[in-house]
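Here is a friendly walk through some helix packing and charge pairing. Have the chain open beside you as you read.

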Amino acid sequence: GGINTHAVLEEAPASAQRPLSFARRECELCVFAAASEAELLAQMQQVQGYIENNPGVALLDLAATLAARDCADKPVRLAVLAGDVAELAKKLQQAAKKIAEAKSPRWMTRTGLVFSSQPLQGKLAFLFPGEGSQYLNMLADLAQQFPEVREWFDFWQGLYDEQPGSTRTDILFPPASELDDELRRRLEARLFDMDVGSEAVFVASQALFSLLGALGVEPDAMLGHSTGESSALAASGAIAFTDREQLADFIRELNQVYRGVLDGGGIATGALLTVGALKRELVDRHIAACAAPVSVAMDNCQNQLVLFADRATVEGLLQLLSEEGGICSILPFDRAYHTPLFAAVTSAFHQYYHAVGLQAPKTPLYSCASAGLFPADSSAVCELAAAQWSNTVRFRETIANMHRDGVRYFVEVGPSGNLTGFVNDILGGEEYLAIASNARKRSGVEQLFNLLGSLFACGGGGNTAPAP
């Protein structure tokens, strides 16, 4: 039988179990689960009636009461993001209308409604973004709310305490009162230096990985994009460390290895160009016509390639491909990532990975260099992890292979949400869910709730709502 929502709501004290706790709440995640659409609609009507009869009810307590109910074996689900009870009531009306009209078993809206009448069966994968996804003040609101996030930025701040003026978090989190246009430009430039940029994305990704783990979201597989593979190696257990001090040593030493290659003149530079909205054959013809060598550094999706060449060649391609109707831009860093010119880095990292004992991942880990799973042999793991630095990022092909292998949930674990857009482009028309844990233009809490609500509704986050 169904749940007597009126009785549950009326009996729930203000101190009822709460799904998540924040110092300053900007929204709540309200979840519903039922055995049928009719039962779900009845629950929604009961909650609307309760709000009408109890206009002073706190949204926090209402959300907690809904989250505390048993959702097992109840596949028809709805997740609602709301800022107050009035907004919840309005959205429940909208949802009821859409449920009655919708022909699809699953849908979501930009306003914070997610519905599913049929669980999406399949594996859940974490995707870790690489350099280029970092931005000033990323995850700042989550760091204030969650110790799991704050601890990682505290860890990063302490990495280089012995070096005056090198505190990384001062670059990422500048005082708002001092952030004029000139300072912003300087800090953003520093944030895209390889040492700071790659570490910033690594720390942010590990922070979100820890937070999702604390909330009970566990992956069946992982994938790192470009420098995001370092995040994936750590999260998957391929980098063995018993505490964060060991990880700190690993990061500092890897930085030194890179610095050694840089000081030895082994880091080639030029320009990286993103190219979208053009057929691959047309882009290839323009590449072939160039006098200087051009490398495809990243094959991100059908609508984005990243090309590397010397600055003059890239600027020429920018003009030509833009005239063809392409959407093109030059990236704000100049390193020859994922091209043969980065071979010195591959060699140095290969030696270091062997020295620290990189091992087979504990969670199945895919590689964008091979478009398949990492091998079980530790020596082969070191070789493949190092090789990705001077090989094309085959993200499009890898995602397609993961979907073929049964992955249906693609959760981006890191800043910005760029990879989620790539997955949507790659898998359009297939059955899947791609969702980011962070978005530049949305509050961190709201995006986190959006992720948890989507997993709950579609069945990828377990049978219960997020635990406190």
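A crossing is left-handed if the near helix is turned anticlockwise from the far one by less than a right angle, and right-handed if clockwise. Helices (H or I, at least four residues) and strands (E, at least two) are DSSP runs, numbered from the N terminus. This is a predicted model, in which local features need pLDDT of at least 70 and side-chain atom pairs count only at pLDDT 80 or more, while totals for chains, interfaces and linings use all residues. Residues are numbered from 1 along each chain as its sequence is written, and side-chain values use heavy atoms, with hydrogens and water left out.

**Two helix pairs**

With that in hand, look at helix 2 (residues 37-53), which passes helix 4 (residues 85-101) in a left-handed crossing. On the helix 2 side, the contact (heavy atoms within 4.5 Å) is made by Glu37, Leu40, Leu41, Met44, Val47, Gln48 and Ile51. Helix 4 brings Val85, Leu88, Ala89, Leu92, Gln93, Ala95, Ala96 and Ile99. By class, these residues divide into 12 nonpolar, two polar and one charged. Here Ala, Val, Leu, Ile, Met, Phe, Trp, Tyr, Cys and Pro count as nonpolar, Asp, Glu, Lys and Arg as charged, and the others, Gly among them, as polar.

The angle between helix 2 and helix 4 is about 155 degrees, and their axes are 10 Å apart. Axes are lines fitted to C-alpha atoms, for helices over the stretch in contact, and angles run from 0 to 180 degrees between N-to-C directions. Helix 2 and helix 4 are therefore roughly antiparallel (over 145 degrees) to each other.

Helix 6 (residues 147-157) and helix 9 (residues 194-214) pack at about 150 degrees, with axes 8 Å apart, and are therefore roughly antiparallel as well. Helix 6 passes helix 9 in a right-handed crossing. From helix 6, Glu148, Val149, Trp152, Phe153 and Trp156 take part, and their partners in helix 9 include Val196, Glu199, Val203 and Leu211. This contact has 11 nonpolar, two polar and two charged residues.

**An enclosed helix**

How many residues of helix 10 (residues 228-236) are buried? Nine of the nine are buried (under 20% relative accessible area, with a 1.4 Å probe and protein chains only), so helix 10 is largely enclosed by the rest of the structure. What covers these residues includes helix 9, helix 15 (378-387) and strand 5 (123-128). Gly237, with a positive phi near 90 degrees, follows helix 10.

**Salt bridges**

Side chains of opposite charge can pair when their charged atoms come close. Counting a side-chain nitrogen of Lys or Arg within 4 Å of a carboxyl oxygen of Asp or Glu as a salt bridge, the total is 17. Three of these pairs are listed here.

| Pair | N to O distance |
|---|---|
| Arg168 and Glu199 | 3.1 Å |
| Glu182 and Arg185 | 3.0 Å |
| Asp284 and Arg280 | 3.0 Å |

Arg168 in helix 7 (residues 168-172) and Glu199 in helix 9 are 31 residues apart, linking distant parts of the chain. Arg168 is buried at 4% relative accessible area, and Glu199 is buried at 6%.

Glu182 and Arg185 lie three residues apart in helix 8 (residues 181-191), and so are separated by about one helical turn.

Asp284 and Arg280 are four residues apart in helix 12 (residues 280-288), about one turn. Asp284 is partly exposed at 31%, as is Arg280 at 33%. A salt-bridge network links Arg280, Asp284, Asp299 and Arg396.

Key: Angles under 35 degrees count as roughly parallel, over 145 as roughly antiparallel, 65 to 115 as roughly perpendicular and the rest as oblique. Buried means under 20% relative accessible area, exposed over 50%, partly exposed in between (1.4 Å probe, protein chains only).
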